[in-house]
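Student: Could we go through this model together, one question at a time, with the cut-offs spelled out as we meet them?

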Amino acid sequence: MSMNTNQRWVLVLTSVASLAIMLDALVVTTALNAIRLDLNASIEQLEWTINAFTLPFAVLLMAAAALGDRFGRRRTLVAGLVLFGVASIGCALAPGIGWLIVARAVQGAGAAAVVPVSMTMLGTAFGPTERGRALGLFAAITGIATLAGPLLGGAVVEGATWPWIFWLNAPVVAVLIPLVLTRLEESRGPVRRLDLVGILLVSGAAFGLVWGLVEGNSAGWTSAEVLGALVIGAVLLVAFVAWERRVEEPLIPMQLFASRAFSAGNAAGFLLFAGVFSGAFFFAQFMQTVMHYGPLGTGVRLLPWTATLFVVAPIAGRLVNRVGERPLVAGGLLLQAIGLGWIAVIASPDMSYVAMIPPFIVAGVGVSMAIPAAQSAVLGAVPPAAVGAASGTFNTLRQLGGSFGIAIPATVFAAAGDVGSVTEFTDGFTAAIATAAVLTLVGAAAAMLIPARTRSRLIPGRIGQVAGDAAAPVGSAR
């Protein structure tokens, strides 16, 4: 593929900008233990350091794409980078866990502006015959975060201190912004109405439900705070669905859920990423708290789980045309459940790392099989004109799945264990990972509802594009 100078700059700058976002989403995993010790944070507060980033990232993705179309994609990208950079400095300067959580939420809002607009700018810079290859290169570059995130986070924490995982964002953003302003052309798309009511309703629903789950053990499940948060979250969720069914330009088009493939694919994706985020949250802490590995050693030892994406996902993307999505999604989620359940069964205070390698590989292979096939099921269920809305919906729901995948197992962790001793931590870890395995198993059952697909129903070029998405890390979005 030959590229002109403008296309090269678009590919490089959008890829590096998205890579910075994805790295930030993953470097935190190996820094959680250091943050807990330095800021005297509880497990519930550590949850919020992740969820505070993920929730605004999820609910603002599609709104940011609409803002880019209306006010200019380059302008929106720069605004997102500025917000992300300033919030990163706020994270680095955090004197306490509350400050860190607020700054992480602002980071998530900035990230929501960067990632979808980067993808749109890349898609418009290349013609139909070149776009697939460009998207593949973009996915390969941003996918480096899957491997480098835990390693970089571990190296920084071990070589310096945890605030440096956020300080490093400042020079990257400082270099990117002038290059984006001088090297990329401004572009706009069709002006779409911004569904502010939908954004407020889904944000309130997600926040209320997650708050109730996170605070249930500490505040009491029958307390006014917890019951009120859960009830308000549920009511707002119902209101969101009702509003989206009647608004002219919805944030998430509810009519798409009439398709069984679309609904089942999104349900499977939601629960798939619930398991992934739960593993990312707990594995790194277990290795440091119970197995006494350093942050860098932990990042290295997570590679059998994360590196499978680069080997298995491209193969799975090609297999979708041959066998269809259902066996890959259901089989992948089943393997993920087996891997997580395996670790839950063998977990003990004196467990060796070698015993974790086989279940890590099994779970990683399952995730790598399921991601491209699940998105293929969702995109293949809609007409070509609705592919953008379908992709945005899938990525919004998988980010929300990540939040619930931390909140629910962490609630079980708090009920079964504690951070006070190795034995108590192991008890909580075992219960939490077993819960993640159950969530994933439910996802496998949901995947069985995906209809059998024939090759003729697949839209040419989409599978290669989806396979490229699978190399993108946990926090990525299309």
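**Pocket, cores and helices**

Tutor: The second largest pocket has a lining of 17 residues, and those nearest its centre are Val202, Leu237, Phe270, Leu397 and Leu400. A pocket here is an open set of points on a 1 Å grid over the protein atoms alone, where a 1.4 Å probe fits and protein lies on both sides within 12 Å along at least five of seven lines, and lining residues have an atom within 4 Å of a point. This is a predicted model, in which local features need pLDDT of at least 70 and side-chain atom pairs count only at pLDDT 80 or more, while totals for chains, interfaces and linings use all residues. Residues are numbered from 1 along each chain as its sequence is written, and side-chain values use heavy atoms, with hydrogens and water left out.

Student: Which helices each supply at least two residues of the lining of the second largest pocket?

Tutor: Helices are DSSP runs of H or I with at least four residues, numbered from the N terminus. On that basis, the helices that each supply at least two lining residues of this pocket are α9 (196–219), α10 (224–246), α11 (260–289) and α17 (387–416).

Student: Which residues touch the most other members of the largest nonpolar core?

Tutor: A nonpolar core is a set of buried Ala, Val, Leu, Ile, Met, Phe, Trp, Tyr and Cys residues joined through side-chain atoms within 4.5 Å, where buried means under 20% relative accessible area with a 1.4 Å probe and protein chains only. The largest such core has 107 residues, and those that touch the most other members are Leu100, Trp162, Phe283, Phe360 and Phe429.

Student: How many residues of α16 are buried?

Tutor: This helix is mostly covered, and of its 24 residues the number buried is 19.

Student: Is Serine 15 buried or exposed?

Tutor: Serine 15 lies in helix α1 (residues 5–27). Leaving out residues up to four places away in sequence, Serine 15 touches Val10, Phe138, Ile141 and Thr142, a contact being heavy atoms within 4.5 Å. Because its relative accessible area is 0%, Serine 15 is buried.

How values were computed: Buried < 20%, exposed > 50% of the residue type's maximum accessible area, 1.4 Å probe, protein only.
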